[in-house]
Amino acid sequence: MNNKLIVRLNNKVWIFLVVIKKSVIMKFITVLLLLAAFSTEPPADFKTLIGKKNLKKFQKDYSYIPSGTIKYDDKKISVAGFFMHQTEVSNLDYREFLQDVKKIGDNTLLEKVDFIQNDSDQKSIYKTYHNHPAFNDYPVFNISHFAAKEYCKWLETKLSKEYEINVNDIQVRLPSRAEWTYAAKGGRDLAPYPWEGYYTRNANGKVLANFNSDIGTHNITLNQETGEYEIVNDPAEDVNKMAAPVKTYYPNEYGLFNMSGNASEMVNEEGIAMGGSWMSTGYDIRVTSEYKYTKANAQVGFRPIVSFRS
């Protein structure tokens with residue numbers, strides 16, 4: 001394909017004939033389209049609704065997940081854009097909610113949304129975990145699906161007041177399984193984990209998420225020098241025997257932390273949590289991994305998503 005490149009230099013116009021292969025141009029166009037599709041810039045109507053100053057503040061805690069499609073349960077599902085909390089809801093976040101419930105004096109609701117103790121032998125541990133300042137930034141556990149939805153209702157009101165948005169223009173809820181998985185992939189359609197690649201370790205052999213350190217598929221790594229597969233055991237300092245702070249490890253391309261491991265995360269369908277937890281094997285922290293549970297426990301937490309009506 002021949003194209004003219006016109007350059008003005010010292011008041012003279014120079015015309016060059018540039019020969020560009022059609023295939024090169026098509027590749028360039030493809031890259032531009034991919035970049036456009038991958039844009040995490042929120043829509044203009046939302047910017048108008050919340051304002052430039054508030055937008056910057058809001059995006060410190062929430063990442064915009066652009067519209068797109070995902071193949072889920074053998075179906076192609078369209079996903080509308082939404083915001084997702086960058087981390088799992090922490091103990092500190094949840095205690096703020098509980099304090100507000102106590103202030104309004106609704107003891108019936110408080111009983112339903114308070115921490116649930118299932119293991120009598122671990123009462124002191126759970127009491128410390130949920131209430132000691134040292135665990136403020138750790139994911140909240142031991143709450144019901146009902147409690148997580150009530151937290152979303154509370155957060156909806158809190159955000160509308162904080163950002164001066166009509167409460168009818170904002171919706172906070174738990175994501176669907178497809179929405180959660182779409183966000184966890186971070187724009188990588190074929191990725192089994194929130195990061196690039198098929199392994200749970202980086203090139204230096206360090207784990208990329210918080211999960212069970214027992215021998216399993218996560219211990220298999222490819223030696224970059226020899227090209228051979230090897231088994232790598234966790235060194236003592238590389239082992240987590242409990243949950244980790246909500247901003248541990250690197251976030252995915254959408255800025256979301258711990259979408260694999262740490263806390264299995266509730267979705268709108270009760271009894272299912274996604275992404276595996278600190279107790280899961282490496283295979284079970286894939287972004288499509290579903291953990292079925294029957295009651296609140298020390299593996300299941302959640303993170304809300306936010307959408308706005310323009």
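In this predicted model, a network of salt bridges links Asp 73, Arg 177, Glu 269 and Glu 290. Arg 177 pairs with Asp 73, and the closest N and O atoms of this salt bridge are 3.2 Å apart. The two residues belong to distant parts of the chain, 104 residues apart: Arg 177 is in helix α8, whereas Asp 73 is in the loop between β4 (68-72) and β5 (75-79). Asp 73 counts as partly exposed, at 48% relative accessibility. Arg 177 also meets the side chain of Glu 290 in a salt bridge, at 2.9 Å from N to O. Because Glu 290 lies in strand β12 (residues 290-292) and Arg 177 in helix α8, this pair ties together parts that are 113 residues apart in sequence. Glu 290 is partly exposed, with a relative accessibility of 32%. In total, the structure holds 10 salt bridges.

Helix α8 itself is largely enclosed by the rest of the structure, because eight of its nine residues are buried. The buried residues are Ala 178, Glu 179, Trp 180, Thr 181, Tyr 182, Ala 183, Ala 184 and Lys 185. Just after this helix, Gly 186 takes a positive phi of about 65°. The loop between α8 (177-185) and β8 (220-222) contains Tyr 198, which counts as exposed at 57% relative accessibility. Together with Leu 190 and Tyr 199, Tyr 198 forms a nonpolar patch on the surface, and the accessible area of the three residues is about 370 Å².

Buried residues of α7 include His 145, Glu 150, Tyr 151, Trp 154 and Leu 159. A salt bridge of 3.6 Å, N to O, joins the side chains of Lys 158 and Glu 162; both residues lie in α7, four residues apart, or about one turn of the helix. Lys 158 is partly exposed at 27% relative accessible area, and Glu 162 is likewise partly exposed, at 33%. Just after α7, Glu 164 takes a positive phi of about 55°.

The rings of Phe 58 and Tyr 62 are stacked, because their centres are 4.5 Å apart and their planes are at 10°. Phe 58 is buried, with a relative accessible area of 1%, and Tyr 62 is buried with 6%. The pair of Phe 97 and Tyr 151 is edge-to-face, because the planes of the rings are at 80°, with the centres 5.6 Å apart. Phe 97 in helix α4 (residues 91-103) and Tyr 151 in helix α7 (residues 145-162) are 54 residues apart, and the pair thus links distant parts of the chain. Phe 97 is buried at 2% relative accessible area, as is Tyr 151 at 5%.

Ring pairs also link Phe 58, Tyr 62, Tyr 64, Phe 83, Tyr 163 and Phe 308 into a cluster. The charged end of Lys 57 sits over the ring of Tyr 163, 5.3 Å from its centre. Elsewhere, Arg 286 lies over the face of Tyr 283, at 3.8 Å from the ring centre.

Gln 117 is in the loop between α5 (107-113) and α6 (123-131) and counts as partly exposed, at 30% relative accessibility.

Key: Residues are numbered from 1 along each chain as its sequence is written. This is a predicted model: local features need pLDDT of at least 70, side-chain atom pairs count only at pLDDT 80 or more; totals for chains, interfaces and linings use all residues. Side-chain values use heavy atoms; hydrogens and water are left out. Rings of Phe, Tyr and Trp (its six-membered ring) pair if their centres lie within 6.5 Å; planes under 30 degrees apart count as stacked, over 60 as edge-to-face and the rest as tilted. Buried means under 20% relative accessible area, exposed over 50%, partly exposed in between (1.4 Å probe, protein chains only). A charge sits over a ring if NZ of Lys or CZ of Arg is within 6 Å of the ring centre and within 35 degrees of the ring normal. Patches are made of residues with over 30% relative accessible area and no salt bridge: like charges are joined within 9 Å, nonpolar side chains (Val, Leu, Ile, Met, Phe, Trp, Tyr) within 5 Å. Accessible areas come from the Shrake-Rupley method with a 1.4 Å probe; for residues, only the protein chains shown count as cover. A salt bridge is a side-chain nitrogen of Lys or Arg within 4 Å of a carboxyl oxygen of Asp or Glu.
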